[in-house]
Amino acid sequence: MSNKKFDVVVIGAGPAGYVAAIRCAQLGMTVACVDEWQDHNGVASLGGTCLNVGCIPSKALLESSHMYAATASDFPEHGIHARSISVDVKTMIARKDRVVAELTQGISALFQTNKITLVHGHARLSPGKIVKVSERGSSETRESLEAENIIIAAGSSPVRLDRAPLTDGYIFDSAGALEFESVPKTLGVIGAGAIGLELGSVWSRLGSEVVLLEAMDTFLPSADKQISRAAFRSYKKQGLDIRLSARLLSTSVKQKKVHVTYEDTRGAQQIKFDRVIVAVGRKPNSDYLFGDEMELEIDEREFIHVNKYCETSVPCIYAIGDIVRGPMLAHKGSEEGIMVAERIAGQKSTVNYDLIPYVIYTHPEVAWVGKSEHACHSAGIPVNVGMFPLTASGRARAMGATDGLVKIIAHQETDRIIGVHICAAQASELVAQAVMAMGMEASAEDVALTMFAHPTLSESVHEAALAVHNRAIHIKN
Ligand code: FAD
Ligand code: AMP
């Protein structure tokens, strides 16, 4: 058994861990990164959930399915007539797999360039800053790594429901839903959060009749209410059947169908689907991470307890990404990775947790940063609000993408922007302008005084800023 020593050992090569490893290496540290992910062929594949079964493959399929839906539904309006169009799901999935492979191999190349030692296997933390590595599924230590500092970035996994156990060909988690070999005629999605909505959209655009069962009585409760209402209307128009206050009671597979029972305000309901996706959230991968006698504070929801600098209860051991508090988003984990690397190097880096952008990659997309209007009201913050509907945007009209709005919330006394909420095509890109403006502590007036190119969707951000002071040009104030 080998025993090697490093300045930093990172556990997990997802967007939190691989970014932390690269930043540590850039800062001159010797770095090892242990990751256990492997592809269908048993080959190590870096990038964690995000690259392998999360952000990237879902966006690849959203892109393909959007193209199909646009060709089928929008082309005739443009005078373009395709004689017959069909979906070859296998080719679509193969393209998605190529996109994933190119990116995961890209991370391997970055590791080589940065001289990061990659160790494929399962890591367990032992006292004395020792990381023991074993083969997946074995408890026998293959090698031991000694570290000055340890960064835990072990990520998260889908929450499983006993009432809907994964069943080959019938009941899938989010990873399984990226591998369908054909378009199911009917598809049930349990959970109408970001992941359920994105995966439901993929298969709905390809022709499935999709029903989303959501236990809560509010749709997207963390979004601004006006935005979630606009998104709900738009999704309904596209044929997504979103049922709120619908709590799953049971599932059973009979005669090649998944029989689902759920409870809503009227009582127990039954519905049959060809396939079901369970998308009810994710849980931190904090089990099987600690060897005997290793004591690290874990909270009641199994997240590793950290302070705002991602320091755990043990000195020189840090935790970042989905395994700690905060939104389970790739960019949040990456920023934490950079902060921790720089702090180990003696710098004073921080993460501004108030400026994390949230995105749901549906059509239109939903994106926001900062506080919603109802959160401002609850906190007693006096605000001015400016809104601009996409119907009034020339570019949105030219694109045929007039669903949605941009909403800017500014402090009534200081005019400082507190929140920006968008439901629009390309909202994921538009929200970056808001993050930058808020990062620079801009006022609504600052954005209003900025010149935006015409015709762009970004002009809607400008008009919403003008609307904060009732001087938008292309709408009645
Ligand atoms: P992970 O990406 O989960 O990586 C953790 C890594 O650690 C894995 O490779 C795992 O195998 C490894 N590991 C765990 N335990 C051990 C161990 N003991 N030893 C060795 N290795 C270990 N986020 C966004 O920001 N934007 C999106 O558009 C988006 N879309 C998503 C779509 C889907 C379908 C899903 C499922 C998720 C999506 N997410 C998205 C969430 C995003 O994927 C996660 O927030 C992100 O991957 C978390 O990064 P991480 O590095 O903390 O953990
Ligand atoms: P997210 O946490 O954003 O990934 O979203 C998961 C969604 O699943 C949340 O909106 C939950 O309310 C919802 N959910 C969780 N459990 C159930 C359940 N048993 N039935 C229906 N929806 C559920």
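## Overall fold

The secondary structure of this protein, a predicted model, comprises twelve helices and 22 strands. Its radius of gyration is 24 Å, close to the 23 Å that the globule rule gives for 477 residues, so the protein is as compact as a globular protein of that length. The C-alpha trace spans about 70 × 65 × 45 Å along its principal axes.

Of the 477 residues, 49% count as buried. Among contacts with a separation of 6 or more, 62% are between residues 24 or more positions apart.

Ligand 1 has 36 residues around it, of which Asp35, Thr49, Lys59, Ala123 and Ala330 come nearest. By class, this shell holds 18 nonpolar, 13 polar and five charged residues.

Several elements contribute to the shell. At least two residues each are supplied by the strands β2 (31-35) and β4 (122-126) and by the helices α2 (48-53), α3 (55-74) and α7 (330-344). The largest share, four residues, comes from α2.

Asp35, one of the nearest residues, has a side-chain N or O atom 2.7 Å from an oxygen atom of ligand 1. For His331, the distance from an N or O atom in the side chain to an oxygen atom of the ligand is 3.4 Å. With Ser156 the backbone is involved: one of its polar backbone atoms is 3.5 Å from an oxygen atom of ligand 1. Taken alone, ligand 1 exposes 990 Å², and the protein buries 95% of that area.

## Surroundings of ligand 2

Ligand 2 is surrounded by 13 residues, and the closest are Gly191, Leu213, Glu214, Ala215 and Met216. The shell around ligand 2 is made up of nine nonpolar, three polar and one charged residues.

An N or O atom in the side chain of Glu214 is 2.6 Å from an oxygen atom of ligand 2, while a polar backbone atom of Ala215 is 3.1 Å from a nitrogen atom of the ligand. A nitrogen atom of ligand 2 also lies 3.4 Å from a backbone N or O atom of Leu248. On its own, ligand 2 exposes 510 Å², of which the protein buries 72%.

## Two loop residues

Ala175 is in the loop between β8 (171-172) and β9 (186-190). Its relative accessible area is 24%, so Ala175 is partly exposed; the buried class requires a value under 20%. Ala175 and Gly54 are 121 residues apart along the chain, yet their C-alpha atoms are separated by 7.4 Å.

Ser393 belongs to the loop between β20 (383-389) and α9 (394-399). Ser393 counts as buried because its relative accessibility is 4%. Apart from neighbours within four places in sequence, Ser393 is in contact with Phe388, Thr456, Leu457 and Ser460.

Note on methods
Residues numbered from 1 in each chain as written. Chains lettered and ligands numbered in written order. Predicted model: local features only at pLDDT ≥ 70, side-chain atom pairs only at ≥ 80, totals over all residues. Heavy atoms only, no water. Buried < 20%, exposed > 50% of the residue type's maximum accessible area, 1.4 Å probe, protein only. Contact = heavy atoms within 4.5 Å. Near = heavy atom within 4 Å. Polar contact = N/O pair within 3.5 Å; in protein donor to acceptor, adjacent residues only side chain to side chain. Areas by Shrake-Rupley, 256 points an atom, 1.4 Å probe, with all protein chains shown as cover. Nonpolar A, V, L, I, M, F, W, Y, C, P; charged D, E, K, R; others polar. Rg over C-alpha atoms; globule rule 2.2 N^0.38 Å.
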